[in-house]
Structure formats: C-alpha cells, structure tokens
Number of protein chains: 2
Amino acid sequence: MQRYFISSSDFIDNEVTITGDDVHHITRVMRYTIGDQIICNNDQGQAALCRISQIAENMVRADVEEWLDETVELPIHVTIAQGIPKGDKFELILQKGTELGAASFIPFQAERSVAVWDEKKIAKKMKRFEKIVKEASEQSHRNKVPVIEKSMSLKELIDKSKNYDVKVFAYEEEAKVVNHQSFGNLINKLLPNQRLMVCIGPEGGFSPKESEFLKENEFSPVRLGPRILRTETAALYVLASVSYHFEEMRCNECHQ
Amino acid sequence: MQRYFISSSDFIDNEVTITGDDVHHITRVMRYTIGDQIICNNDQGQAALCRISQIAENMVRADVEEWLDETVELPIHVTIAQGIPKGDKFELILQKGTELGAASFIPFQAERSVAVWDEKKIAKKMKRFEKIVKEASEQSHRNKVPVIEKSMSLKELIDKSKNYDVKVFAYEEEAKVVNHQSFGNLINKLLPNQRLMVCIGPEGGFSPKESEFLKENEFSPVRLGPRILRTETAALYVLASVSYHFEEMRCNECHQ
C-alpha cells in the first residue's frame, strides 16, 4: 500500500488533509479514487491506515481508520557525514542511504572536495534533496524521513559529533594497518537508540591533516572491507552492515 | 598505485606486454612514462609490481619486479543472480557489486522483468558490461575480475545453482513472516571458499510461482532488513553484509 509523509499539523481529529505533490501522486500516478486506502505517516513516524474521503484539484482528504503499530526504523541512529562528492553522487547516497535506514545526512566541505556547492543554488538543491529522501522513504516504507542538514565545514561537523556515542571515519590507509580496531568491534559497542556518526571522505579521501583532526576528536578510523570502495559506496556498506548486525544476524553472542 | 588486468598469456618470462584500452589509460589518463611503476594482475588473480620499460603507440611493456602476496577477495564466492531490471540499473549493480567483492553475476529473465534485452544488441551490451567490471576491479584493487554470464531463464539458473552450497532469494513477503530463517543464520553456515548464490527479483519482485519454484529448489527466502529495498540496492546489501560478516566483524563466536 502506498505511503505518504504528512505534517502532523495536517492530521486534525481523525482526518488527514493532503496537499502539494502528493495530490498528483495519489490522483494521477496511483489513480486512487474515493474509498481507496493509503498509509499516512506523521512527523513522529506513526503510521495510520487511511481511507480517501474527498478528492479536489489540489487537495485530498482521508479518514484515519487505524493507527498501525509498526516500525521498520534501524535500532541505531546512524548519521552519514559525507565529504561533498562530484556530480550527482550525493543524490545516489541520499536515495540508497534512505532505503538502508539512515537517520540523517550531513554534507561537509572536505579538503579534497572538488565540487563546491554554489550558495545561490543551495535552496533549490536542498529542495531536490528533500524530495529524494521523501520519495525513498515512501518507497521503502520508512516510518521517518531522514533529516538532511545544511553543508558545513569539518570543524562544524566535529562540534556536532559531541552528541554521538560512537564516531568512525572511513580511512583507506587503515586497510593497511594490521592492528586496527575493526568496524565490527565498534558497531558491537552500540546499544539500541544510541547514535553512530560515520564520516566519509570525498573522491580523494581525507588529507592526513583531516585524518589527524578526526582522530583527535574521538573518531576511530575503520576499513570497510579490504577492497577500495568509491566514496558513494562507503555509506551504503556502513548502513547495510548496521542493518545486518542489528536486524538480520540474530547472533546474540555478538552483543555480549 | 594503478592496477591493470592483463591476460596471463601476455606475461612472458619477466615481461608484460599491454595492449588495447589500457595503453590509452597508462599513457594519456595516468600520463605514466618509462620508469614508472604499475601493478599487473594475471588471470589467476596474482599481482605483480611492474616497472614500465617501453611505450609505443599501441603497446606498453613493463618488467615484473616483484610478485605480491596480497589478496582482497571475499573469502566466500558470491554470485549475484539478478532479474533483469529497467534502464541502466544492471550497470550500477555490476559496478558497485564488483567493488563489494562479487565473484560473478548472472542476469536472468524474470516474469516481471519489464526490460527484454535485444538479442542483436547483446554482444555490444556484454562488451560494455565487461568494461564496467574490469574498471571497477582495477579501481577497487581486486585480484580478480568478476565473471558476467550470459542472460538465462530461471530454469537455467536453477540448473546452475546445483553447484552452490547456500542459495537464497530476496523475498519481500518474507519480511512479514515472524518465524523465517534469518539471512544471518544462512550466512553463518558458509565456510571459507564455499559458494553462495543470491537470487534477486526485478522491480516487481518474484511472482508467487517463481517463489515456489525457487523454494522447491533449495533456495531459502530471506529478508534484507525490514525496509523495502529497490532491486539494485538488494545486491549491494548482500555483498556488504557478507564482507562485514567475514572480513570486518571479527566475531569468532559467530562461526561456531
């Protein structure tokens, strides 16, 4: 059943009022009519089974029939801090990262980021980004739409990182060191509802200076398998691994 | 250091002769000159540190200085059997799947495959596919280039699957069943050098008939996290999980 993310303020009593792009999707793409059922999620991630009661040009109304007791959110809050990559790679990270359960994304300007986001175009860019994560959340049946923060410097990112329980950064060089702390050991330390920040460099990786700065600020370097991943693949590896570890491994010994 | 996959027949005594697209890459893209070092992998996945000794219009020669004792291949042989998806998604699966360590890819015509690959264009298509996995192998420092098999029917795929130790298929419906066998339990059964086949449906997933046919042939249905993944994301989830499990988890209890 199709899912839509609706602002909590548009739920009044037992009625949901839907406006904006979702109206087009409901009436033209899905061709729903009065009496058809949809799922509407509010800002808190709660999902309601709803039945369409009214269709107008720019508005759809639906009655809440039942609040669903379901959650498909990752038990760990994972933030992907991504060094701004080239071209449309950040969009791929947003789409796939949303499917894989990321809670939030922070783009940051790394030393080796070739692309610089034009300040003038940033509003338009953010709007497109928001659309990508909203659609991916609907498609993957997420309870919540991930947050996309404004792009920041590495220093600002470090300030943000104080609120996280475990902090790691993907560092190619780490793949060559024998006694590094494994990504699995770090993941193992996380308890449900704790927060993981994963910092990933742009195409050229981190500079030695950035790597030192991250280490000084409690970020552990990790390798993500012995192969060299492209920057856009690293985020997906991390999220799939966290999902596998906490949702599919069913290996209770590992959590001891 | 840049890596090139060279046919074993082009290694003669301690000299490698490089022809084809790699020449352009060495001389124009990387702008290497005589005396520069490259890594050349032979068909067996062995890597040699080589020094360029001669550059001509369509040929580069290099001397083998040292055979390297390195392997970054996944300890498990993973084959991704992918229901033919729309557009260029298969190319994304090939590129990212190679980075993540897949040993081979088999495209198959599923009931719900919308795209049908034109027989006349298949040779050209395969050539492009081969180029993608070769380049991704070089970029990710793989020892071996994954094999891409010709597209086949589900029945032919089942015949192929007899040589595999564990066989799974991604089945959305499984996400709704409480007592399903977890993906982690199935992965746990694999020993180093064993073979895993992962069968993934196209955009619409498997038909109930296909699902029954797979189950009858020892494919276990698995879910890949509780969220609904797009078809191209499923292969990446599997490969990242297998890498995490065998290469990064360092959780010896899990293998008992």
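Chain B can be superposed on chain A by a rotation of 180 degrees with 0.0 Å of shift along its axis, at an RMSD of 0.1 Å; the superposition is by least squares on the C-alpha atoms of residues with pLDDT of at least 70 in both copies. The two copies are therefore related as by a two-fold rotation axis. In chain B, the C-alpha nearest that axis belongs to B:Ser241, at 2.6 Å from it. Both copies use the same surface, since 100% of the contact residues of chain B recur in chain A.

This is a predicted model, in which local features need pLDDT of at least 70 and side-chain atom pairs count only at pLDDT 80 or more, while totals for chains, interfaces and linings use all residues. Residues are numbered from 1 along each chain as its sequence is written, chains are lettered from A and ligands numbered from 1 in the order in which they are written, and side-chain values use heavy atoms, with hydrogens and water left out.

**The interface between the chains**

Contact (heavy atoms within 4.5 Å) joins 44 residues of chain B to 44 residues of chain A. The size of an interface is often given as the accessible area lost when the parts come together. Buried area is the accessible area, found with a 1.4 Å probe, that two parts lose on being put together, summed over both. Chain B and chain A bury about 3,800 Å² between them, and carbon and sulfur atoms provide 52% of it. On the side of chain B, the residues that lose the most area to chain A are B:Arg227, B:Tyr244 and B:Glu248, which together account for 21% of what that side buries.

The interface of chain B and chain A also holds 32 residue pairs in polar contact, both residues being at pLDDT 80 or more. A polar contact is a pair of N or O atoms within 3.5 Å; within protein, one must be able to donate a hydrogen and the other to accept it, and residues adjacent in sequence count only if both atoms are side-chain atoms. Helices (DSSP runs of H or I, at least four residues) and strands (runs of E, at least two) are numbered from the N terminus. The largest share of the side of chain B that touches chain A comes from helix 7 of chain B, with 11 residues. That side of chain B divides into 18 nonpolar, 14 polar and 12 charged residues.

**The two domains of chain A**

An automatic or database domain assignment divides chain A into domain 1 (3–68) and domain 2 (77–255). Their C-alpha centres lie 32 Å apart. Each domain of chain A gives 9 residues to the contact between them. The area buried between these domains is about 710 Å², of which carbon and sulfur atoms give 50%. In domain 1, A:Arg3, A:Phe5 and A:Gly45 lose the most area to domain 2, together 71% of what that side buries.

**Salt bridges**

A salt bridge is a side-chain nitrogen of Lys or Arg within 4 Å of a carboxyl oxygen of Asp or Glu. There are 8 across the interface of chain B and chain A, and 1 is counted between domain 1 and domain 2 of chain A. The table names two salt bridges.

| Residue pair | Closest N and O atoms |
|---|---|
| A:Glu248 and B:Arg223 | 2.4 Å |
| A:Asp22 and A:Lys134 | 2.9 Å |

How values were computed:
Ala, Val, Leu, Ile, Met, Phe, Trp, Tyr, Cys and Pro count as nonpolar, Asp, Glu, Lys and Arg as charged, and the others, Gly among them, as polar.
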